Amino acid sequence: MEYITQSLCRNIFNTLSYLYKRSAEEEEFDFFRIKDVLDSFSEGQIFNKVWAVEELNNFITSEYKECVVIGGWHGLFSHLLAESGFKNKILNIELDSTCNHIAKKIKTHDNIHYKVADGLEDFKNHNYHDRIIVCTACEHIDGEELYFTFKQKNPSMLMCLQSNNYYEINSHINCHDNLDDFIKSLPLKNILYAGKKRHKDEYDRFMVIGK
């Protein structure tokens, strides 16, 4: 399946042009935002999130009414999940309001919605048996806070979580040496899938799907 559609590419290019024009007038839309959009749709990001969508789809059934994406950035995972055939609501939660503003301009599917919030603080509002929680950026979240929050999850909630061993980036505060360490850091009682993938001989990305 071709997840990166012509309509998505067109929206990305149009959004980059929009950001360039806004950068001349508003500090909020500086050139960093253009680079940030490009980074969020990079080869590595697509590689990681396609992997997540394809493995997660093996466990999605009709009982799941909503998928909540914590730290959704510019909505790449949300787009890929919708493109793969998920028709129910997808909620892209992102703390940075400008990222959500940009994501709305890029989106191509009507079932994707956006919320400005701290994903962990907002978790209690989505802690139900018929929800899917996705966070492909666990490396950016304090490990103790993540464990404490997810330990309170509904037992039937489906979760898809990713981290890595790429310690070189300052904002990566919750990396793990290997897949086993990542699994041990999570409060999931039923592991449905666990795997790792090497990216360009630079680092390993880990993924765990479970309940």
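Helix α1 makes a right-handed crossing as it passes α2 (right-handed means the near helix is turned clockwise from the far one by less than a right angle). Before going on, note that this is a predicted model, where local features need pLDDT of at least 70 and side-chain atom pairs count only at pLDDT 80 or more, while totals for chains, interfaces and linings use all residues. Residues are numbered from 1 along each chain as its sequence is written, and side-chain values use heavy atoms, leaving out hydrogens and water.

Back to our pair. Helix α1 covers residues 6-23 and α2 covers residues 31-40; their axes lie 8 Å apart at an angle of about 165 degrees. That's why α1 and α2 count as roughly antiparallel, a label for angles over 145 degrees. Who meets whom? On the α1 side, Ile12, Leu16, Leu19, Tyr20 and Ser23 meet Phe31, Arg33, Ile34, Val37 and Leu38 of α2.

Next, look at Gln45 in helix α3 (residues 43-56). Gln45 is buried because its relative accessibility is 18%; buried means under 20% relative accessible area, and exposed means over 50%, with a 1.4 Å probe and protein chains only. Leaving aside residues up to four places away in sequence, Gln45 touches Asp39, Ser40, Trp73 and Leu76, where contact means heavy atoms within 4.5 Å.

Finally, find helix α6 (residues 143-151), where Leu146, Thr149 and Phe150 are buried. The buried residues of α6 fall within an arc of 90 degrees seen down its axis, so they line one face of the helix. Glu144, Phe148 and Lys151 are exposed on the other side of α6. Covering the buried residues of α6 are, among others, β1 (66-70), β4 (131-135) and β5 (158-164).

Notes
Helices (H or I, at least four residues) and strands (E, at least two) are DSSP runs, numbered from the N terminus. Axes are lines fitted to C-alpha atoms, for helices over the stretch in contact, and angles run from 0 to 180 degrees between N-to-C directions. Angles under 35 degrees count as roughly parallel, over 145 as roughly antiparallel, 65 to 115 as roughly perpendicular and the rest as oblique. The arc is that of the directions from the helix axis to the C-beta atoms.
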